[in-house]
Amino acid sequence: MKWVPLFFFVLFSIVPVFGVVPTQAITAVRERTEASSAQLSDADKAEINKFILSALNDLFLSKTSEEMAKTRRQIFEQKGTKNLSLYATAYITLLRDQLKTSAYADIQRMEDPVQKLMVRRNLIILVSELKSLLLTEFGAAQVEDPDAVIRYWAVKSLTNPSLLQQLNSEVTGDQEAANQIYEKLQTVIKNEQLPEILVLAAEFGSGWKDGRSAELLEQLADRRIAEYTNCKVQNAWLDEHLLNALADKYLEQKLPEEKSKTARRFAQMLAVVMQRWMQNEAKPADQKDLPVDTASQLVTVMVEAEDRILPRLEITAVGIRKTLERGGSLQPMYDELFGAPGRTSLLPTRLKFDYGRDAEGRTLTAPPILPPCSPSASQQTAG
């Protein structure tokens with residue numbers, strides 16, 4: 001069925017109330033076919049297509065976000081609750097075809113920038129809510145959108161737990177979609193500034209049963225370590241999620257070399273968190289370079305790591321929380337966890353990794369020391 005042009009719809013259609021699309025016919029098709037193992041008839045598909053066209057036109061013509069949300073909810077609900085049914089597959093396929101051939105092209109012809117942005121946001125939210133690998137291309141196309149809301153929902157549409165289950169299943173897995181998601185998340189990890197979006201990437205990496213998932217986490221850890229090294233770290237709370245994801249991945253992995261590589265990134269990540277906080281604490285009050293909020297977030301990351309993450313790796317408390325409460329030095333705990341030159345320590349011993357080799361080929365027994373930051377040189381901000 002051909003998409004109804006917007007100007008035609010405005011001139012010749014009467015829609016007294018936007019945000020409420022008649023659903024009797026589509027509901028009848030869904031209730032009759034959703035539990036069936038038979039392919040849908042051409043008449044059933046035509047009825048589905050008719051509803052999708054009507055709903056999309058209603059969404060385009062709605063004047064408020066509330067009206068759009070009502071229509072979006074109707075489109076979502078008419079997919080049904082049986083995600084693997086022949087009905088749901090036909091429904092998503094027909095919706096995808098309309099989005100590809102007409103909807104996104106019509107968006108480009110919209111003149112009102114506010115209306116245009118509302119439509120674009122609602123469509124990508126709908127794509128995310130439908131949780132189907134058949135719609136991967138729409139999220140993938142918008143992960144670098146200038147609008148932060150669209151970027152968030154685009155990445156969410158690629159990383160939600162339902163898609164993870166589909167990708168991890170031998171029955172529903174889709175290699176082409178997996179490749180596309182992997183490539184786009186690499187871009188997200190490299191360029192994205194919003195920590196909420198980076199959290200989505202980290203959580204996806206921890207749950208994806210694919211060897212490339214560890215690479216995503218390592219790339220994110222490398223980026224964060226570089227930001228700590230260059231005195232540019234922001235939103236330190238993000239690192240609790242990253243440490244948790246790295247621990248999950250370590251526990252999931254089977255091959256010793258994979259576990260060693262992930263454990264090294266975990267240790268290096270936690271080490272830079274502790275180092276930056278200790279460096280800042282060692283300075284006089286008028287020379288501290290960390291904003292108060294950032295310093296507080298670092299404390300939270302360290303305490304949560306000791307309380308919740310390290311025990312999962314069979315490493316008991318080393319005294320971080322108690323030392324912080326009494327205002328003592330964390331250096332002994334740091335040395336116990338990560339090591340010092342010529343000394344073994346908990347993390348490398350328990351998790352069976354090392355920090356690499358020096359220029360002369362000798363095994364490094366401690367992570368690199370962060371360069372000092374100064375208030376004038378630091379580009380950190382509270383976050």
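1. In this predicted model, a disulfide (a pair of cysteine sulfur atoms within 2.5 Å) joins Cys231 to Cys373, with an S to S distance of 1.7 Å, and the structure holds one disulfide. The torsion about the S-S bond of Cys231 and Cys373 is about -90°, so the disulfide is left-handed.

2. The pair links distant parts of the chain, 142 residues apart: Cys231 lies in the loop between helix 12 (211-229) and helix 13 (238-252), while Cys373 lies in the segment after helix 18 (346-351). Helices here are DSSP runs of H or I with at least four residues, numbered from the N terminus. Both cysteines, Cys231 and Cys373, are buried, meaning under 20% relative accessible area with a 1.4 Å probe, protein chains only.

3. Turning to a helix pair, the axes of helix 9 (residues 161-168) and helix 11 (residues 195-207) come within 10 Å and cross at roughly 30°, where axes are lines fitted to C-alpha atoms over the stretch in contact and angles run from 0 to 180 degrees between N-to-C directions. That angle makes helix 9 roughly parallel to helix 11, a term for angles under 35 degrees.

4. The contact (heavy atoms within 4.5 Å) is made by Leu164, Leu167 and Asn168 of helix 9 together with Glu203, Phe204 and Gly207 of helix 11.

5. Residues are numbered from 1 along each chain as its sequence is written, and side-chain values use heavy atoms, with hydrogens and water left out. Local features need pLDDT of at least 70 and side-chain atom pairs count only at pLDDT 80 or more, whereas totals for chains, interfaces and linings use all residues.

Key
Helices (H or I, at least four residues) and strands (E, at least two) are DSSP runs, numbered from the N terminus. Angles under 35 degrees count as roughly parallel, over 145 as roughly antiparallel, 65 to 115 as roughly perpendicular and the rest as oblique. Buried means under 20% relative accessible area, exposed over 50%, partly exposed in between (1.4 Å probe, protein chains only).
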